[in-house]
Amino acid sequence: MDRNTLAKAPAGHVRSHTQLLHAATHPTHDLLDKAIMGHRPFADRERYGLFLRTQHGFHRDIDALYDDAGLAGLLPDLRGRRRLGLIERDLADLGVEPPAPDGDPAFLPGAAVDLPTALGWLYVAEGSNLGAAFLLKEAAKLGFSESFGARHLAGAPEGRGLHWRTFTTAFDAIPLDGDGEVRLIDGAVSGFARVLGFVDRQFRVPGQGRPSVSREDQRGEKHP
Ligand code: HEM
């Protein structure tokens, strides 16, 4: 499916950036769900520590974006949406070391960013918080909470749904031309691919194939 197919929603309706991204990355999200949940990240504290290390890898990649003045001017409360520090505290709660850095992060501090590409990556990060209610419930079964070990999975005080809508309303209002939309999708696809890479690196046992538990199997509910 290319961008032109995706952008043409039924009966000439033009999709918003987030609708476009949702459609373009839905299969990848399912793949990621299967990869993560199949590794049973909530089976015990050790495996949950591996999940935290996965999250650390991805949020280290995007951490510089939260200091970008251009992005901060477009997206509400961008700095408040940053989660690397919370993941570091979660790791410290468990007494688990962050993973050794795997080269430079995807976005370097202080470097100029391509706006649509950066937006694609931020969509992945914000969306993951939208779906995190389920993950927080699972982490709670291991004794973790918003104040210990699962800080980065906490919902916003105003609720995950509203926090997401505040983000998407501003996000969807950012003007992008056709080329910008292509880079937007590329950014989100790269972000998801990067997360998948970290999942594989943290959980993969040599000789073990990909797991097969789906998000639909695992969660009985939608986020609020
Ligand atoms: C770190 C890994 C993950 C990332 C990067 C991620 C990313 C995203 C993104 C971008 C969205 C927004 C989709 C939209 O446009 O509506 C989303 C939604 C959601 N995610 Fe995830 N996700 C991750 C892991 C998971 C896992 C493991 C589960 C559950 C097993 C999950 C459950 C959900 C749910 C319930 C939603 C709400 C909307 C929907 O059904 O698509 N996510 N996630």
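The model is a predicted one, and its protein chain has 10 helices and zero strands. Mean pLDDT for the protein chain is 89, with 86% of the residues at 70 or more. Buried residues account for 34% of the 224 in the protein chain.

**Overall fold and confidence**

- Walk along the sequence and the protein chain reads α-α-α-α-α-α-α-α-α-α.
- Take the contacts in the protein chain with a separation of 6 or more: 82% of them join residues 24 or more positions apart.
- The stretch to treat with care is residues 210-224, where pLDDT stays under 50. For those residues the model has 29 contacts beyond four places in sequence.
- Where pLDDT is low, predicted coordinates should not be read in detail.

**The nonpolar cores**

- The largest nonpolar core contains 31 residues, and those with the most contacts inside it are L21, I62, L65, W121, L122 and A188.
- Helices α2, α3, α6 (115-130), α8 (160-172) and α9 (178-203) each put at least two residues into this core.
- Helix α9 gives the largest share of this core, eight residues.
- There is also a second, separate core of 13 residues, with L91, L135, A139 and F144 among them.
- Back in the largest core, W121 is one of the residues with the most contacts. Leaving aside residues up to four places away in sequence, W121 touches I62, L65, G187, A188, S190 and G191.

**Helix α2 against helix α9**

- Two packed helices are described by the angle between their axes and the distance between the axes.
- For α2 and α9, the axes come within 10 Å and cross at roughly 10°. Angles under 35 degrees count as roughly parallel, so α2 is roughly parallel to α9.
- On the α2 side, the contact is made by H17, L20, L21, A24, T25, T28, H29, L31, L32, A35 and I36.
- The α9 side brings E181, L184, I185, A188, V189, F192, V195, L196 and V199.
- An α-helix has 3.6 residues a turn, so residues three or four places apart point the same way.
- L21 and A188 turn up in this contact, and both are also listed among the residues with the most contacts inside the largest core.

**Helix α3**

- Helix α3 covers residues 45-62, which is 18 residues. From its first C-alpha to its last it reaches 26 Å, close to the 26 Å expected at 1.5 Å a residue.
- Mostly, α3 is covered, with 13 of its 18 residues buried.

**Two loop residues with positive phi**

- R40 isn't a glycine, yet it has a positive phi of about 50°. You'll find R40 in the loop between α2 (17-38) and α3.
- Is R40 buried or partly exposed? R40 has 15 other C-beta atoms within 10 Å, so it counts as partly exposed.
- D77 also has a positive phi of about 50° although it is not a glycine. This residue is in the loop between α4 (69-74) and α5 (84-94).
- D77 has 13 C-beta neighbours inside 10 Å, and therefore counts as partly exposed.

- A140 sits in helix α7 (residues 132-141). With 15 other C-beta atoms within 10 Å, A140 is partly exposed.
- A140 and F42 are 98 residues apart in sequence, and their C-alpha atoms are 9.3 Å apart in space.

Conventions: Residues are numbered from 1 along each chain as its sequence is written. This is a predicted model: local features need pLDDT of at least 70, side-chain atom pairs count only at pLDDT 80 or more; totals for chains, interfaces and linings use all residues. Helices (H or I, at least four residues) and strands (E, at least two) are DSSP runs, numbered from the N terminus. The expected span of a helix is 1.5 Å times one less than its number of residues. A residue is buried if 20 or more other C-beta atoms lie within 10 Å of its own, exposed if 12 or fewer, and partly exposed in between; C-beta atoms are placed from the backbone. Two residues are in contact if their C-beta atoms, placed from the backbone, lie within 7 Å. pLDDT is the predictor's confidence in each residue, from 0 to 100. A nonpolar core is a set of buried Ala, Val, Leu, Ile, Met, Phe, Trp, Tyr and Cys residues joined through C-beta atoms within 7 Å. Axes are lines fitted to C-alpha atoms, for helices over the stretch in contact, and angles run from 0 to 180 degrees between N-to-C directions. Angles under 35 degrees count as roughly parallel, over 145 as roughly antiparallel, 65 to 115 as roughly perpendicular and the rest as oblique.
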